Structures are given as structure tokens and as C-alpha cells.
Amino acid sequence: MAREELSKVYESRDVEEKWYQRWLDEGLFHAQDASDKESFSIVIPPPNVTGILHMGHALNNTLQDIIVRYKRMQGYNTLWMPGTDHAGIATQNVVEQELAREGKSRHDIGREKFIERVWEWRKKYGGVIINQLHKLGCSCDWSRERFTMDEGLSRAVREVFVRLYNDGLIYQDDYIVNWCPRCHTAISDLEVEYAEEATSLWHIRYPYADGKGEIIVATTRPETMLGDTAVAVNPDDERYTDLIGKDVILPIVNKRIPIIADDYVSKEFGTGAVKITPSADPNDFAMAQRHDLEVITIMDGDAIINENGGVYQGQDCYTCRTNIVEDLKAGGYLVKTEPYSHNLGRCYRCKTIVEPAVSKQWFVKVKPLARTAIAAVVKGDTKIVPPMWEATYFDWMDNIRDWCISRQIWWGHRIPVWYCDECGKAIVATEDPDRCPECGGTSLRQDEDVLDTWFSSALWPFSTMGWPDKTEALETFYPTSLLITGFDIIFFWVARMMMMGLYVMGKVPFADVYLHALVRDEKGEKMSKSKGNSVDPLAMIDKYGSDALRFTLAAFTAQGRDVKMSEERIKGYGHFVNKIWNTARFSLMNLEDYSGEIPPEKETFSLCDRWIRDSLNSTVIDVRQHLDGYRFNEAAGRIYQFVWHEFCDWYLELIKPALYDKRPLQEKRVAQYTLLTVLKTALQLLHPFMPFVTEEIWQKVTQDEGSIMVSRFPEPDDSLEDRDARDRMELIQSIINSIRNIRGVMNISPSRKLKILISVPDSGTLSIMETGREYILDSANLEDLAIEANAREPKGSATGVVGSVRVYVLLEGVVDVAAEKERLEREIEKLEKDLGIVSKKLGNRDFMEKASPEIVKKEETKFNTLKEKSRVLEDALNRLRDMA
């Protein structure tokens, strides 16, 4: 059957553009809302509309696409729901920076015009990351693409807010929150990034009001004393028992404040006495509520000291700190200053130091929601993979705090609460009201705040499918089958989707959650542009193709371990893509005269045909099991092993004599049949990992079977299992490898034909060797092969041991014994020197203590490799000495 040839070189860019467009044109990514097929659904973790594809996106979406393509090939009605997130703070920051370049701020143009400007920006740039996901090969149903601010999702957000409010689960209260002075908004605890930073601990005298002594207070933030309303000690601290209830004079401010007792105070911190500033610390705020203390706000939204700061008004907090420390010194209040380090919180978006601030905010009461979400995982309604993350999930849910959902920005879902200017009533509604239901007044103002971005994201699994309407999509695809996301947003997103899915839908949002680790550089360090160690996935796709990048990501994704990535690794799997291409070219050239006859009778298959069919079947079993268990690296590794080593390195070499007409025609036809079926099955196994190259080859190989994407994923076939062929080939391969090893050690050219004697222990082994005679002769490049039972070792031979079989390579006339001895002695001498250097390094205590674990491991591996090489060369030298 005439088949179109493959070009000599695989051009990834041309192939990828061609096939992605063809898949789109043919609607192959499309899912059916109504179908007789079993459904499989997954929702994309929506990337920020501001996003550019980075290695974390590439990993996450590659893993999703592998599973989606696998399930589609298994015949499922497969939905991969795509979309993007409006990313409130991040997007507002981008547009504000754009305005700043024009010399304007958002306040100059007003809220309405600013929102219009953001929508314009989204229209212009919001699709960038979606186009980049196309380049990666993501097979989402793009006809369903959603945006967290689109009309349908906005309706869902309002509906859920109103339900929660009516159920008493949303409330407004004065509370201390994390405030970002740069973004001008409250942010949740999860949006604060902590890092240890060096500072000082100041010890300050607070004189007793009666003038009879003083108490020493230790603080890391002396500027906040402007808002102090108490000094606190531990009730069990014997040093201060008699002082509880007394008043002290607050230095600088010169006002009386009480000494109170609270269990929260640590007797070990500083002096055991701490100043209480309810407006500047969440623990102080909680203490103030327990002891009914006044809350005095001392900073405005820009972290500038306000009117409560007296002479310090108008100073930023750091200038104020310097000035207050100087004034404390001058007044004799500063006892001492000592170095100190503590965790400092910064905004996860702009990295500005976060200030605690007391303000009126909206909260979700999450404890009742968390209880049902915990129970769902305990019962197994949702399975977390790997299970090590269950403990983290339970711990956070058990200790969860109410969720602050209001943000003081303009871009986002505006809180659906209106206030009547005439009677003051708060109106919470899904539709914009035109009059007050209490007094009939028409002067209504909507709440200025917007909802936390994660509020709309928490509804993603069902809002994207049309809720609050009862849609066919929800009926078919909710709950979803799987969520794949990074472990770092288990709290931000996964836990909140669990709570909201159960609250709104009464069902968990997904059956399985697979949490992958982070992508780091090859040394395990975090990637960053400033370090210069980041790998750009788009550059890698341009250079090596999408398939090489995808396979690399899968091959290094082990459950619970970070993915160590480098360009060198991607380049390596680029070679694998080329190997597949060249294998397909070789196969097609040798199938030109094959017309695809009916399958041969079982007894006509040669030993190597039987072996490769058995090996292929076990590969199919392994790959399916690994993919079903989300063991991506093991699935990729098994396919790689089969394709490169078993199919290419062994099978293709073993059948060359048959393909080249050096065997009977029937043997050639059976080999061609096996070659074609194995190639097609291997392409199908590879397709979820490498969609582009497999589709290009599939079209040339099959011609009229449609896209590989909708072909049936290989299934195990018991009739292909052949333990006998496996055992026989394993022995034959070991014999061939033994001969090749002796060639290498003895420095014998691969082109030099050798004479071999194989000694076997019994007639059964003799029969196996005779069956594999032609394979050994051809693959080991032999001039002569003798096989005898219990043969004596010939003089002047090198011996290989394979179990109870002895392989004798006759070296007379092949090796110049004297010259080879001299070469080996020189090599061994060099190895001994290298071993001495490495051994000295590993014996150096200084090196072992100061070097990183990776460097030490590298040196240990080097030592073991040199040692093994030295042993092998010593054995070879001893053989030559025996010959001499």
C-alpha cells in the first residue's frame, strides 16, 4: 500500500500550527451537553487575564491536557472548560500603571471611566494567555470559554452572595484586616507573604501613674505606641502579679493606660510585658475586644500618621519610628535596643509591607461551610492526590478564620448591597433596586467595595456551566471528575470551591483533586527573572517544539516532588521527538510493499515478534494504570523505555534482515504486520503527551482512519501475553549485551567481526540459544557462533557471565595484548589519580559541612562511578595477563 513519506526533518512549528487549526475546524475539542457516552469533565484553573504563560502554567495545563486526551480516546464525552480570571488587584494595578504613564490616576477619571478603561485593556490584551495555551496544544472546548466578570458569572456571584447573606453567613463588621498601602485595599491572610527580616527590639520605660516605679515594655514597632491603650502581662507571671490593674503613663503621648492580664502574652518575649495597640496588631485587637479597650487608628490608607499622631501627623511610619526613638532617648524612656528578626508580611501582588488596619469589612462566616467540606474528604466523596496533602487541608479547615471578602478597589464584582439615603436601610439584592423597600425612597447608593477575586473563583465549577439556571451542561458534567492545580492554592481556591460547591449545589465540585508541586530550576531553586534561572516555555516551544516541552514536564512530575527543569532536559526530549520521527520514517519506507493483509496466524510470529507484542501489551497495562493514578512521570517513563529501548534499539534491529529480504517472504510480511501494529499503538500511547508529532505521523501511517485524537486508546489484550517469549528474549539480549560490553572494555571496534563460543548448562538453554542464533550473529556482529553444552573455556578468550551461561569472546588475532595492557594500565593510573582527588574532597570535614547536599551527592556519585570503572578495567587487565 503506497504511503506518503515523512520529510527528513521534523519541523515542529509548521506541524503544530497546521494540526491545532485542523482540530479546531473539525470541532474535536467540543463536548456534548446531551450524550449517551459516559462524561468526564475538568475545569481549568483560570489564569489571570493579565497573565503570560510561565512554566507553572505550562506544567498545570500539560497535565490537564494529558488526562483530557486520554479520557477522550477512551470514549468519554470529555469537557475541558476554559476561561480566565479578572484578577481584581493585579488587573487594576496594570491599568493604573498605564494611566500613570499618561500623568493621571484612576481618581482623575472617576470610577465609571476607569472600569471602561479596564474592559478596553481586557479586550486588547486579555486573550494573550489563551493564544499561548493554543501553542501548548491544550484541547479545551474553546466554544465555552468563560470570564469571571462575564454576565452569567456575575449573576451567579450576586445569587450566592444574597443566599449567604440571607442564611446569616455574610456579615459586616469593624475588624482588623491586612491593609496594602500600595493597592489601597484589604487583603486576606492568605494573600500576605511572610519572610524573616532583620529589625530591632526596643525596650521602653512606661512609668507608673503614681510615680513609684516603672514597667519595661519590649516592642518591634515603637511608632505604634501613639495608639497604645494598655500594657499587658501574663496572669501567671509572678513578676507582675501585683501590678495588674495599676495605671502607667504612656510616654510621648502622656496619658494614663491600664496594665491588664491576658493568657496570650508570652512570659518569654522581651520583658514579658507588651504594649497593646488594637489598631496595629490582630492579636492586640482581639485582646482589646476581650478587655473592652479603646481602638485608636493612627495611620491612614497610605500608612501615613493621621491626626491621632499629634506632632507626628503627616509622617510615614518609618520616619515616625526614627523620630519617636530619638524622642524616647531624649526623654530618658529608651532603656536599650537589641537586634531582632521576625516575620514581616508583604502584599503578594506588589510586595509592599502590609499594615494592620481596623475598618468596616464584609466577611463570610466559614466555620459551618468548612465542616461539610471536611466531612466530604473524610467520607471519600473527594479524593486528594497525593494523600499527603489531606493533613494540610484538614489542619487549615479545622482552624479556619472568617473570610474577609471586601476589597477597596474598583475592578471586580461590586458588592450587591445598596444603602437608602433617606432611612439608612441596607438592601441586599440580586437585581439593582430602584427604590427602598422600607421607606420607598429612591436615593440609593451601592456599596463602594468589590468582592475578593477568589469569591467568584470559588463558584467556577458550576457557574461556568450556567448556574443559577438549570442547564444540560450542569446535569451532564457537574460534579466534575477532576481538578488539577498547584498545591500552593489549596487554601485560596480548592478549599473555597469545596465549601461553595457543597453549599450551593449540595454536591462536591470534583471527585478527585490532583495537587502538583512547583517548577524549579535544575538545582531545585525557585525560578525568577532576577536570578536569571527562569526557563521561558514559549521560547522552549519555539526552539524544541511543544511536544518536547510537554513530555519533559510529564517525565519530571513525580507526586509530592518539585519539578526540576532546565533547557538541557527539554533539549534531551527534543531528541526523543526526533527519534520517534526517524523511526516512523524508517517504518514507512519498509512498509511500502505491504498491503495490510489480514493478521497472520499466531504460530507464524517469530520470537522477536512475539516478544515485542508481549512487551507492548505490558506497556499498555502500565501506562493505563499510571495515568489512572495520576503518576505522570511513571507513565512517561514507561512509554519512553518501550519506544526508545525496546522498539527502536531492539526490535527494529532484530527485524532488519527480514525487512531487507534476507529471510523468507512470510517472515517479512509477519514482521511488517507487527511493525505497523506496534507503531500505531505506540503513537496512540504517546498522543496524550505528544499530540502534534503523533498526529502528523498517524495521518501518514493510517491515511483514512481520522484523527488520532479520537482513535481508541490501547487496551490490554490477554492474547498477546507471552511469558515464554519474554524469558527467551531476556536471555538472548543479555548475551548480546555481554558481548558488546567486552567489545567496549577491550577497545574492539564495533565493525570488527568476532568469534564466540557460548557454553550452556542444559538442553533447554541450548534450544533457546539456537532459536536466537541469528539474532546474536546479526546484533553482536559475529563471524562465527558456536553453542555447546558445558564447553571448556578456550585459551585467549574474554569471558562474560549471564546467569548459568558463559560467553567466551575469542581474542587471538583480535586484540594486541601488549598494547591493550599498556592502554588499560594508563587508564587505570589516571582513574586512581581522579579517585584520590575525589576521595580527599569527601574526607575533608570542611567541605562536607559547607558544601550543599547537591554538591556532596554529585561528588559521591562521581566517586562511585570512578570506582566501578576502575574495577571493570582491572578485570579486563587481569584477563589479558592470564592470556599472556
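Q: How many aromatic pairs does a search of the whole structure find?
A: It finds 38 aromatic pairs. Rings of Phe, Tyr and Trp (its six-membered ring) pair if their centres lie within 6.5 Å. Bear in mind that this is a predicted model, where local features need pLDDT of at least 70, side-chain atom pairs count only at pLDDT 80 or more, and totals for chains, interfaces and linings use all residues. Residues are numbered from 1 along each chain as its sequence is written, and side-chain values use heavy atoms, with hydrogens and water left out.

Q: What describes a pair of aromatic rings?
A: The distance of the centres and the angle of the planes. Planes under 30 degrees apart count as stacked, over 60 as edge-to-face and the rest as tilted. Take Tyr20 and Phe29: their ring centres are 5.5 Å apart and their planes sit at 55 degrees, so this pair is tilted.

Q: And which kind of pair do Tyr175 and Phe363 make?
A: Their centres are 5.4 Å apart with planes at 80 degrees, so that one is edge-to-face. This pair links distant parts of the chain, 188 residues apart: Tyr175 is in strand β5 (residues 170-180) and Phe363 in strand β14 (residues 355-364). Strands here are DSSP runs (E, at least two residues), numbered from the N terminus.

Q: Is Phe363 buried or exposed?
A: Buried means under 20% relative accessible area, exposed over 50%, and partly exposed in between (1.4 Å probe, protein chains only). Phe363 has 4%, so it's buried, while Tyr175 is partly exposed at 27%.

Q: Which residues form one aromatic cluster?
A: Phe551, Phe556, Tyr573, Phe576, Tyr640, Trp644 and Phe689.

Technical notes
Helix = DSSP H or I, 4+ residues; strand = E, 2+ residues; numbered from the N terminus.
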